[in-house]
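My notes follow in the order in which I checked things.

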Amino acid sequence: MTKSTHRTSKPGLSRRHIVWAGAAGTISIMAGLRPTFAAGKPKVGLVMKSLSNEFFKQMQAGADKYAAANKDKFDFKAVGMKDERDFAAQVDAVENFITQKYDIIVVAPADSKAMATPLAKAVKAGITVVNIDVPLDAGAKKAAGIDLAFFGPDNQAGAKLAGDALAKDLGAGGKVVILEGNPEADNGKQRKQGFMDSIAEGKLQLLDSKTAHWETEEANTLMTNFLTKYQDIQGVMAANDSMALGVVKALDATGKSGKIKVVGFDNIPPVQPLIKSGKMLATVEQFGADMAVNGVKYGLRQLGGEKFTGWIKTDVKLVQAKDLS
């Protein structure tokens, strides 16, 4: 994704809001679009990934709270998947929102390529679509004839924060494995690349890298297999905290918790005591509870006539024991 300059002619934006949007998106007013909302409240739909993942539970909780506080301004419905590979559920959710004539769809795609076509159908139906969390594939967007901005974090840079913390702890020559996210999701690819950047810069030795599809139990099985195959693992890079939980479970079962260092991504509540106790070294906060809220806000602004293109970055932050009270 290419970055562009952020400009706005809207008065009264807070400094914090401008910093959040960063220098990664372009805003302009589109002539001919609705300057005010149509009669009645806009209907906003949120399409998330697996609600078995604590990150998306946090995302929904944040969005529900915001919607409840603004129920006089818009109607809201959130939909999630049963697991991380239930792609059909996301397609069905988008189709249902189109049928029900929603005004805005905010979506965190589970499959960066496959979701482009149903979202293009929504755009062509006159629905404002907001892409959060996981960027749609650029080629798939082009093929589908849509140009959607991405509102979300730099997953590669975030993963590198965690990978660098592990590299610093282990030192050159440290032997590590990677548990990758879904290969169909661009954020999974980006997080792996961030880990690979840390491995190269920190002169770590990569023993193996395989996907556990973001899932805790699959990660537990994969890590158990890694421990059997490689007797000298010193560190683990997990592309999300759900998988990090599975890794710690496998380490607990073999008496290696705290001896093998683990980093994750998401800063979900269940990993915080593991970081405090030393069972995990670090994770990365990407402010999931705020992400969907900001998606709704940007959707309403687009509905009111603003145009966003490019990449509007959201924050990431390394979290270690010293950062947790």
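I took helices (H or I, at least four residues) and strands (E, at least two) as DSSP runs, numbered from the N terminus. On that basis I found 11 helices and 13 strands in the chain. The model is predicted, so I kept to its conditions: local features need pLDDT of at least 70, side-chain atom pairs count only at pLDDT 80 or more, and totals for chains, interfaces and linings use all residues. Residues are numbered from 1 along each chain as its sequence is written, and side-chain values use heavy atoms, with hydrogens and water left out.

**Whole chain.** I called a residue buried under 20% relative accessible area, exposed over 50% and partly exposed in between (1.4 Å probe, protein chains only). By this rule 52% of the 325 residues of the chain count as buried. With contact meaning heavy atoms within 4.5 Å, I noted that 75% of the contacts between residues at least 6 apart in sequence join residues at least 24 apart.

**Helix α3.** The expected span of a helix is 1.5 Å times one less than its number of residues. The 13 residues of α3 reach 19 Å from first C-alpha to last, close to the 18 Å expected. I listed Ala89, Gln90, Ala93, Val94, Phe97 and Ile98 as its buried residues, and what covers them includes β2, β3 (75–81), β4 (104–107) and α4. Just after α3, Lys101 takes a positive phi of about 60°.

**α3 against α4.** I then looked at axes, which are lines fitted to C-alpha atoms, for helices over the stretch in contact, with angles running from 0 to 180 degrees between N-to-C directions. The axes of α3 (residues 87–99) and α4 (residues 116–124) come within 10 Å and cross at roughly 10°. That makes the two helices roughly parallel, a class for angles under 35 degrees, whereas those over 145 count as roughly antiparallel, 65 to 115 as roughly perpendicular and the rest as oblique. On the α3 side I found Val91, Val94, Glu95 and Ile98, which meet Pro118, Leu119, Lys121 and Ala122 of α4.

**Helix α7.** This helix (residues 186–202) has 17 residues and reaches 24 Å from its first C-alpha to its last, close to the 24 Å expected. Its buried residues include Asp186, Arg191, Phe195 and Ile199. Among the elements covering the buried residues of α7 I noted β2 (43–50), α6 (155–170) and β9 (235–238). Just after α7, Lys203 takes a positive phi of about 55°.

**His213.** I found His213 in the loop between β8 and α8 (216–229), and at 12% relative accessibility His213 counts as buried. Leaving out residues up to four places away in sequence, His213 touches Glu84, Arg85, Glu180, Gly181, Asn182, Pro183, Glu218 and Met243.

**Two further positive phi values.** Asn267, in the loop between β10 (261–263) and α10 (272–277), has a phi near 55° although it is not glycine, and at 7% relative accessibility Asn267 counts as buried. Phe287, in the loop between β11 (283–285) and α11 (288–303), has a positive phi of about 60°, and at 32% Phe287 counts as partly exposed.
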